[in-house]
Amino acid sequence: MSLAEQTLAVIDALNRHDFDALMSMFEEEAVLDLPDGIRVIGHASFRDTLAAYVLRHGITLSDHVVMNDRAGFRVAVECTLNGDDRRDADGGADADQGPYALPAVLVLERENEFFLRFSLYAATRP
């Protein structure tokens with residue numbers, strides 16, 4: 001599978017909230033970096049942290065432009081981060097909810113057939 005195809009498979013799994021399929025594309029000690037400054041290492045922490053972040057904010061990625069290096073190790077995806085802010089999980093009076101779309105960049109690094117890094121950068125934090 002080409003780097004671009006594998007990258008689109010990662011985005012597809014993320015958008016479907018299929019975290020098991022997504023994790024199957026990453027090394028055991030993969031690194032996750034999120035816009036709010038969180039960094040975790042390792043499958044269990046990676047999966048749990050990413051799932052909580054994506055589900056809490058209702059995140060999907062769209063409008064992808066995939067750019068990779070010639071060596072096939074790094075890829076950057078310019079995209080739109082779509083979400084529905086759910087900071088107040090109980091939906092109380094102070095809940096800041098509503099759909100939003102932010103410019104974002106997803107950076108992935110791959111060695112052999114598995115990704116080593118997933119870093120998501122957004123214009124502002126959801």
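F46 is buried, as is F118, where buried stands for under 20% relative accessible area, exposed for over 50% and partly exposed for what lies in between (1.4 Å probe, protein chains only). The model that shows these two residues is a predicted one, in which local features need pLDDT of at least 70 and side-chain atom pairs count only at pLDDT 80 or more, while totals for chains, interfaces and linings use all residues. Residues are numbered from 1 along each chain as its sequence is written, and side-chain values use heavy atoms, with hydrogens and water left out.

Of the 126 residues of the protein chain, 40% count as buried. With contact taken as heavy atoms within 4.5 Å, residues 24 or more positions apart account for 50% of the contacts in the protein chain that have a separation of 6 or more. The accessible surface of the protein chain comes to about 6700 Å², and carbon and sulfur atoms hold 49% of this area; the areas come from the Shrake-Rupley method with a 1.4 Å probe, and for residues only the protein chains shown count as cover.

A pair of aromatic rings is described by the distance of the centres and the angle of the planes. Rings of Phe, Tyr and Trp (its six-membered ring) pair if their centres lie within 6.5 Å, and planes under 30 degrees apart count as stacked, over 60 as edge-to-face and the rest as tilted. The structure holds four such aromatic pairs. In one of them, the rings of F26 and F118 have centres 6.2 Å apart and planes at 55°, so the pair is tilted. Because F26 lies in strand 1 (residues 26-33) and F118 in strand 6 (residues 114-122), this pair ties together parts that are 92 residues apart in sequence. F26 and F118 are both buried. The rings of F46 and F118, in turn, have centres 6.1 Å apart and planes at 75°, so this pair is edge-to-face. Since F46 belongs to helix 3 (residues 43-57) and F118 to strand 6, the pair ties together parts that are 72 residues apart in sequence. One aromatic cluster is formed by F26, F46, F115 and F118.

In soluble globular proteins, nonpolar side chains tend to be buried together. A nonpolar core is here a set of buried Ala, Val, Leu, Ile, Met, Phe, Trp, Tyr and Cys residues joined through side-chain atoms within 4.5 Å. The largest such core has 33 residues, of which L22, F26, F46, L50 and F118 touch the most other members. Two or more residues come to this core from each of helix 1 (3-15), helix 2 (19-23), strand 1, helix 3, strand 4 (74-84), strand 5 (99-111) and strand 6. Leaving aside residues up to four places away in sequence, L22 touches V10, A13, L14, F46 and L50.

Strand 1 takes part in two pairings, for which DSSP must find at least two bridges between the strands. Strand 1 and strand 6 run parallel and are joined by four bridges, with D33 opposite S119 in strand 6. Strand 1 also pairs with strand 2 (residues 39-41), in the antiparallel sense and over three bridges, and here L32 stands opposite V40 in strand 2. The hairpin of strand 1 and strand 2 has five residues between the strands, and in this hairpin G37 takes a positive phi near 90°.

Side chains of opposite charge can pair when their charged atoms come close. The structure holds six salt bridges, each a side-chain nitrogen of Lys or Arg within 4 Å of a carboxyl oxygen of Asp or Glu. One of them joins the side chains of R47 and D20 (3.1 Å, N to O), linking distant parts of the chain, with R47 in helix 3 and D20 in helix 2, 27 residues apart. R47 counts as partly exposed because its relative accessibility is 28%, whereas D20, at 53%, counts as exposed. D33 also meets R39 in a salt bridge between their side chains (2.6 Å, N to O); R39 counts as exposed at 56% relative accessibility, while D33 is buried, with a relative accessible area of 11%. A further salt bridge brings together the side chains of E109 and R117 (2.7 Å, N to O), and E109 is partly exposed, with a relative accessible area of 21%. Finally, salt bridges that share partners join D12, R16 and D18 into one network.
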